[in-house]
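This note sets out points for a colleague who wishes to read the structure alongside its sequence. The points are numbered, and each may be checked against the coordinates on display.

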Amino acid sequence: MTRPAPVASLARVLLAQTWSETLIRWRLPAFSATSLALPVVLFSFFGLPFAGRPGPGGLDAGAFLLVSFGAFAVGQVMVFGFGIGVAVERGQKIDLLMRASPLPAGVSLTAKVVVGLLFGLLSVVILFVYGSVVGGIRLAPGTWVSVIARLLAGSLPLIALGFTIGYLAGPHAAPAMANLVYLPLAFASGIFLPLDQLPAFVQRWAPYLPTYHYAQLAWSAIGAGREPVGTSVAWLAGYAVLFVWTATRAYRREAERKFG
Amino acid sequence: MSAPLPVVQMEGARKRYGEVEALRGVDLVIGRGEVVALLGPNGAGKTTSISLMLGLRRPTAGHARLFGLDPRDRRARSRCGAMLQESGVPAVLTVRELVDLFRAYYPRPWPAGRAIALAGLDDQAASRVGQLSGGQRQRLYFALAVCGDPEVLVLDEPTVGLDVEARQAFLQAIREMADEQRTVVFTTHYLDEADALARRIVVIDHGVVIADATPAEIKARIPSKRVHFRTSPELGPAALDRLPVRVLECAAGRVRLLSAEPESVLRELFRRGVAVADLEVTGADLEEAFLALTARPPSRR
């Protein structure tokens, strides 16, 4: 009995877990279809008609709105994907058997975040290809890359917000809760309509919202930001701390109840 | 050389859920290669014991260890396969994909085909989990429990929801695992199932171990048959004296008894000249049998 008790390599576990999470998300139309198609549909209504018209800072208004909906797309993948995904997993007690297995909790979490980033990347690439092919919107190659990189890197607070919803809401309430949280946030941050067309009180409160600074981070990559990049990053970091805290609390509360 | 560490070790393990004390001090040591049934009625504390062994829950007091380690330790879990009640798996994955996922959790897993075959799921390997019947799903959980080539299998009510035929095949598969010197711990509330599989039966009731012995010894102690009959005239107070029975009812000419050996009881009653009519001997349900074993007054339940 003194023989060593080896464990599976973490890289192998992470790879297998990531692949499974990818299959699960891909095969649930509630995630895959919504997160990939909805931004394209919304952009067709709200963004495409303005392509070629002058926008903020002498930019193509279509480009400005394409970046807006890029922020909407990635944020949606994070808030909905994690919110609904975690809630459904809890509802079906999938976490129970996993918890008795040698799968480390950290690997499970990492795989979820990797898959979220993959789907976020996919959704924004589909949207940008659509915008440039159908809307004729042109940006320098480096600018496209910069926008996408900022959207992915800045999504941490939204991932944590998604986890918070996933641990607080039941599987049936989670979609409604994610909608009620995310859609007003996106709207009030000037993602669907430019801020100066929104009611005055919304304009006053927008600069305190996480999605506002998330969109600013992306807009500033095309020279249409209203605040320095450092300000956006600082706000997003602050919100990341807040939502990681709420997600951790919600997770611990659940773990204590179910596994205490 | 120190003695080999036990596979499962519980010392004075207690577990309280709010007001309810589900385990009230369980001591249990299970060695390598043992096949142990945890037997008890619903709510006895079987699932809680399993949860502590697997580190799904923490004991309120006392200890639970797996291979001498905290059951949450990945090194311990990498040597353990589990089947739980009411756990779920992602419905959109196929049987094969899910078995492959669980194989990746373990250092030296079986080939996926071996686990799928042992569970009798060859024809369903490419089916999505959501399309499986209840019995097939139960067998899938078994495949997930064995695919990592575990040294210990911990199975909570493994045959729940299986029909008779599937249950036999399933017991045979568990027996195969046991024959390979693996440790098997399973819960059940069927005495015959514990008898068929285990070499040791641990009876749990109201959160304590009330018996821990071989199946033969347990069967002799559990009054697992119910004897009903009518008598006329009514039995006198001495008629049932010194018989191996527990009297459930003896009034108005109706007699209900529990006994482990109804044949000898009846032989003795006839010898004493008791007039027996409408005789019926049936299997007692375990709840009743445990009442006899614990000698708790029936009014408590």
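What is the order of the six strands in the open sheet of chain B?

1. The model is predicted, and the remarks below should be read accordingly. In chain B, the six strands of an open sheet follow the order β5-β6-β7-β3-β8-β9, and their pairing is mixed. Strands β5 (80-83) and β9 (208-213) of chain B form the edges, each pairing on one side only. From one strand to the next, the twist averages 15 degrees.

2. Within this sheet, strand β3 (residues 35-39) of chain B and strand β8 (residues 200-205) of chain B run parallel and are joined by four bridges. One point of reference is B:Ala37, whose bridge partner in β8(B) is B:Ile201. Helix α1 (residues 46-53) of chain B packs on the sheet, where it touches β3, β6 (152-155), β7 (183-188) and β8 of chain B. The direction of α1 of chain B makes about 150 degrees with that of β7(B). Helix α5 (residues 134-146) of chain B also packs on the sheet. This helix touches β5 and β6 of chain B, and its direction makes about 170 degrees with that of β5(B).

3. As a whole, chain B contains 10 helices and 13 strands. Its C-alpha atoms fill a box of roughly 70 × 45 × 40 Å along the principal axes. Of the 301 residues in chain B, 42% are buried. Among contacts in chain B between residues at least 6 apart in sequence, 68% join residues at least 24 apart.

4. Strand β12 (residues 254-259) of chain B runs antiparallel to β10(B), with six bridges joining them; here B:Arg226 has B:Leu258 as its bridge partner in β12(B). Six bridges also join β11(B) to β12(B), again antiparallel, and B:Val245 has B:Ser259 as its bridge partner in β12(B). The hairpin of β11(B) and β12(B) has two residues between the strands, and in this hairpin B:Ala252 takes a positive phi near 50 degrees.

5. Is B:Pro244 partly exposed or buried? This proline is found in the loop between β10 (225-230) and β11 (245-251) of chain B. B:Pro244 is partly exposed, because 16 other C-beta atoms lie within 10 Å, whereas a buried residue would need 20 or more. Leaving aside neighbours within four places in sequence, B:Pro244 is in contact with B:Ser259, B:Ala260, B:Glu261 and B:Val265. B:Pro244 and B:Ala91 are 153 residues apart in sequence and 52 Å apart in space, C-alpha to C-alpha.

6. The largest nonpolar core has 144 residues, and those with the most contacts inside it are B:Ala143 and B:Val154. Helix α3 (residues 61-91) of chain A gives the largest share of this core, 19 residues. Beyond its neighbours within four places in sequence, B:Ala143 is in contact with B:Val99, B:Ala115, B:Ile116, B:Ala119 and B:Leu121. Another core, of eight residues, lies apart from the largest one; among its members are B:Leu257, B:Val265, B:Leu269 and B:Ala284.

7. Between the two chains, 26 residues of chain A are in contact with 27 residues of chain B. On the side of chain A that touches chain B, the elements giving two or more residues are α1 (10-27) and α4 (94-100) of chain A. The largest share, seven residues, comes from α1(A). By class, this side of chain A has 18 nonpolar, four polar and four charged residues.

8. In chain A, helix α5 (residues 105-134) and helix α6 (residues 141-153) pack at an angle of about 145 degrees, with their axes 10 Å apart. The crossing of α5(A) and α6(A) is right-handed. From α5(A), A:Leu117, A:Gly120, A:Leu121, A:Val124 and A:Phe128 meet A:Trp144, A:Ile148, A:Leu151 and A:Leu152 of α6(A). This contact has eight nonpolar, one polar and no charged residues.

9. Why does A:Gly131 count as buried? This glycine lies in helix α5 of chain A. A:Gly131 counts as buried because it has 27 C-beta neighbours inside 10 Å, and the cut-off is 20 or more. Not counting residues up to four places away in sequence, A:Gly131 touches A:Phe43, A:Leu66 and A:Ile137. A:Gly131 and A:Ala63 are 68 residues apart in sequence and 8.2 Å apart in space, C-alpha to C-alpha.

Notes. Residues numbered from 1 in each chain as written. Chains lettered and ligands numbered in written order. Predicted model: local features only at pLDDT ≥ 70, side-chain atom pairs only at ≥ 80, totals over all residues. Axes fitted to C-alpha atoms, helices over the stretch in contact; angles between N-to-C directions. Left-handed = near helix turned anticlockwise from the far one by under 90°. Contact = placed C-beta atoms within 7 Å. Nonpolar A, V, L, I, M, F, W, Y, C, P; charged D, E, K, R; others polar. Pairing = 2+ DSSP bridges. Core = buried A, V, L, I, M, F, W, Y, C linked by C-beta atoms within 7 Å. Buried ≥ 20, exposed ≤ 12 C-beta atoms within 10 Å, placed from the backbone.
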